[in-house]
Amino acid sequence: MQKTSDSTMVNTGLLDRTFHLTEQNTTVRRELLAGLTTFVSMAYILFVNPSVLGAAGMNKGAVFTVTAVTSILGCLLMAFLANYPIAIAPGLGDNAFFTFSVVLGMGIPWPKAMAGVFVASVLFTILSFLKVREIVIDAIPKDLKLAMAAGIGIFIAFVGLQGGGIIVASKTSLVAIGSLTVPTTWLTIFGIFVIAILMARKVPGAIFIGLVATTVLGLVTGLIAMPTHIISLAPSMAPTFGVGVTHLSSIVDPQMWAVVLIFLLVAFFDTAGTLIGLAQQAGIMKNNKMPRIGRALMSDSISMLAGSVMGTTPTAAYVESSAGIAVGGRTGLTSLTVGILFAFSMLFSPLLTVVTDQVTAPALIIVGVLMVSALKEIHWDKFEIAMPAFLTVVGMPLTYNISYGIAFGFLTYPILMTVAGRRKEVNYIMWILFFVFILLLYVLNIVPKS
């Protein structure tokens, strides 16, 4: 009994020294609980990411494994390199852009598009090493960053509404409400209400629980076919591994320049904003600055690069980490726990067959709701800010293309700020991006596809 106690003390001491638990006023038990809470809150990405990328023609089983492995790597890097209670996994906004804007919208085959992700990841990592990332992020006005987040949220929700059958195409009005006589549509509606109620009750892991509840209802009612088995070894990554690297020659296509640029821009802003918000929640910020932010950004960069090689879209710091922080997570032990749980979850890939579009649709819609909350901080009372922000937000869902929404905002902002007499507030980098986006629109609309 004494040996067990001594062993526990040694292990606890090692964890304390590694993650500075005492210094952060936390305990091993609290960090483990926080990790479990964060994992349950974001575990939906294991099934939603294969669903979204599967719509682009990618192998769902391979994407499931890549999603898990990339998440494990990102969480381990965040744990040991930055010592933050923040989990990393493939981002929802990025996979939506990849599938619906690049592959389905621009007609670029997914292997070619993955080459664009790989190049963007390499550039992203280099820029992070050179600390250019922080410089550019600082140059983009906060209002446009918020508008980008909200616009991607509405776009994701729109995709969910379509996938769930609640919104359908219409020749007369472009979109219309779907048929309420279709049973699977009600499955989506059920999922939305379950998650919404749990969210309103502040239940940790509401999205994941809602996903499970919707799946169970589908299985019970026969709307979803029963899986042949539940546990198995993780599917091979072979269908997606290295595809982006082997298709690098496609980068000579001018259209791919636009793809690389957008992935680079979205990755630039996504994690940085989330990191700062979560650091503020955890009380990590010091003198309005985030300690070790360079290491945190590097963790994101390396996992993004690894993910692009294995076969998934860019990673991001997950806002669901706030659930773990809320129950006391303060160090990298929390993110380490999340990584271990992702490793364990790789045994349950057969469940992919029961996670249909109607099951994942509620998750997309609710995540959209969470992202749209960024709208409240935009300065709507200043028209020179309101107009670019508005065009960014509505441009994404109405053109069904995230890149167009971003372009609309970046093209109008410097012009309106100048005519409003606020030219000095526009960073020169914004003018550089102004011409970059003119080139972007030219490439997307005028240069013929190769």
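Helices (H or I, at least four residues) and strands (E, at least two) are DSSP runs, numbered from the N terminus. The structure is a predicted model, in which local features need pLDDT of at least 70 and side-chain atom pairs count only at pLDDT 80 or more, while totals for chains, interfaces and linings use all residues. Residues are numbered from 1 along each chain as its sequence is written, and side-chain values use heavy atoms, with hydrogens and water left out.

Grid points are joined across faces, edges and corners, and a volume is the space filled by probe spheres set on the points. One cavity of 30 Å³ or more is present, and the volume of the largest cavity is about 30 Å³. Its lining (residues with an atom within 4 Å of a point) consists of Val52, Leu92, Asn95, Ala96, Phe100, Ile156, Val159 and Leu364. Helix 5 (92–106) and helix 8 (142–163) each contribute at least two lining residues; helix 5 gives the most, with four. Ala, Val, Leu, Ile, Met, Phe, Trp, Tyr, Cys and Pro count as nonpolar, Asp, Glu, Lys and Arg as charged, and the others, Gly among them, as polar. On this scheme the lining comprises seven nonpolar residues, one polar and no charged.

Val52 also belongs to the buried residues of helix 3, where buried means under 20% relative accessible area, exposed over 50%, and partly exposed in between (1.4 Å probe, protein chains only). Helix 3 (residues 45–54) is mostly covered, with 10 of its 10 residues buried.

A nonpolar core is a set of buried Ala, Val, Leu, Ile, Met, Phe, Trp, Tyr and Cys residues joined through side-chain atoms within 4.5 Å. The largest such core holds 93 residues, among which Phe98, Phe410 and Phe437 touch the most other members. Helix 8 gives the most to this core, with nine residues. A second, separate core of 13 residues includes Ala82, Ile88, Ala282 and Ile325. With contact taken as heavy atoms within 4.5 Å, and residues up to four places away in sequence not counted, Phe437 touches Ile262, Leu265, Ile406, Ala407, Phe410 and Leu411.

Thr70 lies in helix 4 (residues 60–82). Its relative accessible area is 0%, so Thr70 is buried. Leaving aside residues up to four places away in sequence, Thr70 touches Ser303, Gly307, Met310, Thr312 and Thr315. Tyr318 is placed in the loop between strand 4 (315–317) and helix 14 (321–326) and counts as buried because its relative accessibility is 5%. The C-alpha atoms of Tyr318 and Ala89 are separated by 7.0 Å, although these residues are 229 residues apart along the chain.

Strand 2 (residues 167–170) and strand 3 (residues 174–177) run antiparallel and are joined by four bridges; two strands pair if DSSP finds at least two bridges between them. A hairpin of three residues connects strand 2 to strand 3, and Val168 stands opposite Ala176.

Most residues other than glycine have a negative phi. Leu174, in strand 3, has a positive phi near 70 degrees and is exposed, at 69% relative accessibility. His20, in the loop between helix 1 (2–19) and helix 2 (28–42), has a positive phi near 55 degrees and is partly exposed, at 37% relative accessibility.

Technical notes:
1 Å grid on protein atoms, 1.4 Å probe; cavity = no way out; pocket = protein on both sides within 12 Å on 5 of 7 lines; lining within 4 Å.
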